[in-house]
Amino acid sequence: MRRVVVAVSGASGAPYARRVLDFLRDEAAGRGIEPHVVFTKYGRLVWADEVGTDPAKEYAAFPVH
């Protein structure tokens, strides 16, 4: 199993990160990938502003740090 870590910082780009995370949520198991997500403090704030959801709840299927 390969581990993939996606890091989301405070830079504007949450919609792009969401697309990657959605893909990993749907395809990771079948491709032998173990996804993890790391959010900075400002990454969570930008995510809430640009995406409007709580990433820890939305991606509860894999570890969110």
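Strand 1 (2–8), strand 2 (33–39) and helix 2 are the elements against which the buried residues of helix 1 pack, contact being taken as heavy atoms within 4.5 Å. Helices (H or I, at least four residues) and strands (E, at least two) are DSSP runs, numbered from the N terminus. The model is predicted, so that local features need pLDDT of at least 70 and side-chain atom pairs count only at pLDDT 80 or more, while totals for chains, interfaces and linings use all residues. Residues are numbered from 1 along each chain as its sequence is written, and side-chain values use heavy atoms, with hydrogens and water left out.

The buried residues in helix 1 are Ala14, Ala17, Leu21, Leu24 and Ala28; buried means under 20% relative accessible area, exposed over 50%, and partly exposed in between (1.4 Å probe, protein chains only). Helix 1 bends by about 45 degrees at Arg25, the bend being the angle between axes fitted to the seven residues ending there and the seven starting there. Gly32, with a positive phi near 70 degrees, follows helix 1.

Three aromatic pairs were found in a search of the whole structure. Rings of Phe, Tyr and Trp (its six-membered ring) pair if their centres lie within 6.5 Å; planes under 30 degrees apart count as stacked, over 60 as edge-to-face and the rest as tilted. The Trp47 and Tyr59 rings are edge-to-face because their planes stand at 85 degrees, with centres 6.0 Å apart. Trp47 counts as buried at 0% relative accessibility, and Tyr59 counts as buried at 1%. Phe39, Trp47, Tyr59 and Phe62 are linked into a cluster by ring pairs.
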